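Subject: Structure for your review

Dear colleague,

My notes on what was found in it follow directly after.

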Amino acid sequence: MKYKTLFSPMKIGNVEIKNRVVMSPMLMGFGQFNGNATDKMINYYEARAKGGAGLIITEITRINDLTGASSFGQLAASKDRNVESISRLAERIHKYGAKVFVQLHHPGRQNVSLMINTVPVSVFCDKIMPKNLYSRLLYKSIVPFGKKLAERDLLFKTVAPSRSPKSKFAESENRELTVAQIKKIVSQFASAAKRVKSAGCDGVEIHASHGYLIQQFLSPVTNRRTDRYGGSLENRMRFLFEIIDSVRESCGSDFPIAVRLTVDEMYEKTGRDDLGYTLFEGIKMAKLLEEKGIDAIDVSSGGYDTFNYWLEPASFECGWRKNLAAAVKKAVHIPVIAANLIRSPEQAEKQLEDGIQDFVSLGRPHIADPEWSRKAMQGREDEIKRCICCLYCFQSMTDGAYTGDNGHCSVNPFVGRENEKMPENGDGRNIVIVGAGVAGLTAAEILAKRKFNVTVLEKESAAGGQINLADKPPHKDKIHWCIEDLLVNAQKAGARIIYHSDADKEMISSFNPFAVIVATGAEAVMPEAFRKRNTYSVTEILNGSVTPKNKKICVIGSGMTGLETSELLCSLGNKVCIVEMIDKIAPGAWFQHTDDILPKLEKYGTVFFTSSKLTEISNDGIFIENTATGKKDFINCDAVVLSLGVKSNKTLYEEIKNSFDNVYNIGDSSKAGRIHDATESAYRTVMSIN
């Protein structure tokens, strides 16, 4: 076997894990109001167990319903009613030889005030109302109204070790826990662990990371208590110690306890060196936890206030924080689990062999490909669909929490559909796909697996479409993985790709197609009024046909494409200003992406103009008008780059839609969007073809 260490067994406590692959805890929103696991949730976890993971650690699982519920779709171990569904979940995971730990969690101040005291009411109303009526009322009326109240701090406060600033993400007012309330939460952790054990699970992981309640006690940023729970490190760890003692008392010494621990809050990475604790103190915590008798440490970093340093965007290098796990492993003698932004079996094996960690924790990679372990074990590494760190899983889960939807994945449209059967009824019928971008290749793979005879016509010399532009800014190379992986899987499934094929009606007809799928993508918007000698589209910059250096450049539009193109321009020595028509930079962008790129642009000296409308382009600059005040201004520059979005390329679809019996338009050529929109569009379309 190629990856001998990765697929060797190891024990956590008295539980032997068949290999070193751990599925990290990730909330996806597949639960229900009462915290029970739904069939969709169980199917989701079962697919990852079937895919070869040795240990699955469940999503954040609440220990009380009043202050500890983070989502309406969250797993719970807070009531005896939850035991049966957790038992079914464990049984399905065990069927494939995998073990399961349940991660016990309380959000503390990082909860949203909308969730405080809401779950019991929701459980009651859902029980007495006709099926799905309360759900519809909740997401259409109650949640929108509740969010407005929350914005004005008119709902219940979240709980925290001491009154502290609002969490960046949740932004809810918080209140200090009394000693009696602390003791109650300790007992709730123990009761939840006892339920988990009675459900037949193999252990628990206590979540003391990512800025949730336990880490709030550990951190001097959020723990300003002056009693026995605050001040010294030992006092700040007292809450966690009491939880461990209480779980041990309830579950016995033979029931493994792991602790997920932030060993460095990473405030210094955001220029706030005076806040939080660093690895130096994190190592002390790890040693004290080992002395306390826990069975494993799951090493992590950061919190919601330093979000990108535990849930990384694409710009972070694989293994960038492996030094944290290595330092902990050197200090303790119990198993060390760590994520470390691992994306390949080669990287996983090397970090194990180098003694950096004992278990490889793969979170988002298991969302992207539930068969990660099996493919690696069978020598099919090239078929692994790698997580591209686009963060859509977290964003969609967060958005879905307020709409009743679950999290999704950009590269895996089967998330949440694990139990849906793929009919193999193609019978060799010919299907022509025009365009080998994300949508076209997704369609090709699925249709080939359905036993259609698939031919993809691509006009360029390589697959990729818009991705071949999106991967050009600095640190964006991971995004091209989705094309590489889709291409491998589509071809191995039997699809044929023909390059340099500028498809038209006659060419398509030559294949005698049962169906034609148009996936011709989109093009950058370039208004005729702004076509000047010194004006370019983002496409011209990203494809390298124009490479300005040491110039003054104005970029019009501050969406992520505009910002990333600006970073590329800055890296070439240009001085850049960005003009945005509305009153904020990167309207609609997920905050982690802007948190990542804006400091880089600011270091380059980029100048931002908001509430500014481009009115005219001249040979030596641009004229802008402030949309709020009407004030006009002139900005001197050598060149202008327009980042005004893209428009669908529907030309071929319009030409052939009435020429064949079954013609479909998917991806950006149907409606411009993001990678997930392309894979979702392809999935829905090709699964409906009979």
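A crossing of two helices is called right-handed if the near helix is turned clockwise from the far one by less than a right angle, and left-handed if the turn is anticlockwise. Please bear in mind throughout that this is a predicted model.

Helix packing

By the definition above, helix 5 passes helix 8 in a right-handed crossing. Helix 5 covers residues 179-198 and helix 8 covers residues 238-251; the two pack at an angle of about 40°, and their axes are 8 Å apart. Angles under 35 degrees count as roughly parallel and 65 to 115 as roughly perpendicular; helix 5 and helix 8 are therefore oblique to each other. On the side of helix 5, the contact is formed by Ile182, Lys183, Ile185, Val186, Ser187, Phe189, Ala190, Ala193, Lys194 and Lys197. Helix 8 contributes Phe239, Glu242, Ile243, Ser246, Val247, Ser250 and Cys251. Sorted by class, the residues in this contact of helix 5 with helix 8 are ten nonpolar, three polar and four charged.

Helix 8 also packs against helix 9 (residues 279-292), here at an angle of about 25° and with the axes 11 Å apart. That angle makes helix 8 roughly parallel to helix 9. The crossing of helix 8 past helix 9 is right-handed. Leu240, Phe241, Ile244 and Asp245 of helix 8 make the contact with Leu288, Leu289 and Lys292 of helix 9. Five of the residues in the contact of helix 8 with helix 9 are nonpolar and two are charged, with no polar residue.

Helix 9 in turn meets helix 10 (residues 322-331), where the axes come within 9 Å and cross at roughly 40°. Helix 9 is thus oblique to helix 10, and the crossing of these two helices is right-handed. From helix 9, the residues involved are Leu279, Ile283, Ala286, Lys287 and Glu290. Their counterparts in helix 10 are Asn323, Leu324, Ala327, Val328 and Ala331. The contact of helix 9 with helix 10 comprises seven nonpolar residues, one polar residue and two charged residues.

Nonpolar cores

The largest nonpolar core holds 128 residues, and within it Leu104 and Phe239 touch the most other members. Helix 15 (residues 438-449) supplies the largest share of this core, with eight residues. Apart from this core lies another, of 22 residues, which includes Leu569, Cys570, Ile578 and Ala586.

Leaving aside residues up to four places away in sequence, Phe239 touches Ile182, Ile185, Val186, Leu213, Ile214, Phe217 and Tyr229.

Helix 3

Which residues of helix 3 (residues 119-128) are buried? They are Val119, Ser122, Val123 and Cys125. The elements covering these buried residues of helix 3 include strand 5 (61-62) and helix 4 (133-151).

Individual residues

Two residues other than glycine have a positive phi. For Asn117, phi is near 65°. Asn117 sits in the loop between strand 6 (99-105) and helix 3, and its relative accessible area of 27% makes it partly exposed. For Ala586, phi is near 55°. This residue, Ala586, belongs to the loop between strand 21 (575-579) and helix 21 (591-603). Is Ala586 buried or exposed? Ala586 has a relative accessible area of 3% and is therefore buried.

Asp427 lies in the loop between helix 14 (392-400) and strand 14 (430-434). With a relative accessible area of 65%, Asp427 is exposed. Asp427 and Ser172 are 255 residues apart along the chain, and their C-alpha atoms are separated by 57 Å.

Ile498 is part of strand 16 (residues 496-498) and is partly exposed, with a relative accessible area of 24%. Although Ile498 and Thr455 are 43 residues apart in sequence, they are 7.3 Å apart in space, C-alpha to C-alpha. Not counting residues up to four places away in sequence, Ile498 touches Thr455, Val456, Leu457, Glu458 and Phe511.

Yours sincerely

Conventions
Residues are numbered from 1 along each chain as its sequence is written. This is a predicted model: local features need pLDDT of at least 70, side-chain atom pairs count only at pLDDT 80 or more; totals for chains, interfaces and linings use all residues. Side-chain values use heavy atoms; hydrogens and water are left out. A nonpolar core is a set of buried Ala, Val, Leu, Ile, Met, Phe, Trp, Tyr and Cys residues joined through side-chain atoms within 4.5 Å. Buried means under 20% relative accessible area, exposed over 50%, partly exposed in between (1.4 Å probe, protein chains only). Helices (H or I, at least four residues) and strands (E, at least two) are DSSP runs, numbered from the N terminus. Contact means heavy atoms within 4.5 Å. Axes are lines fitted to C-alpha atoms, for helices over the stretch in contact, and angles run from 0 to 180 degrees between N-to-C directions. Angles under 35 degrees count as roughly parallel, over 145 as roughly antiparallel, 65 to 115 as roughly perpendicular and the rest as oblique. Ala, Val, Leu, Ile, Met, Phe, Trp, Tyr, Cys and Pro count as nonpolar, Asp, Glu, Lys and Arg as charged, and the others, Gly among them, as polar.
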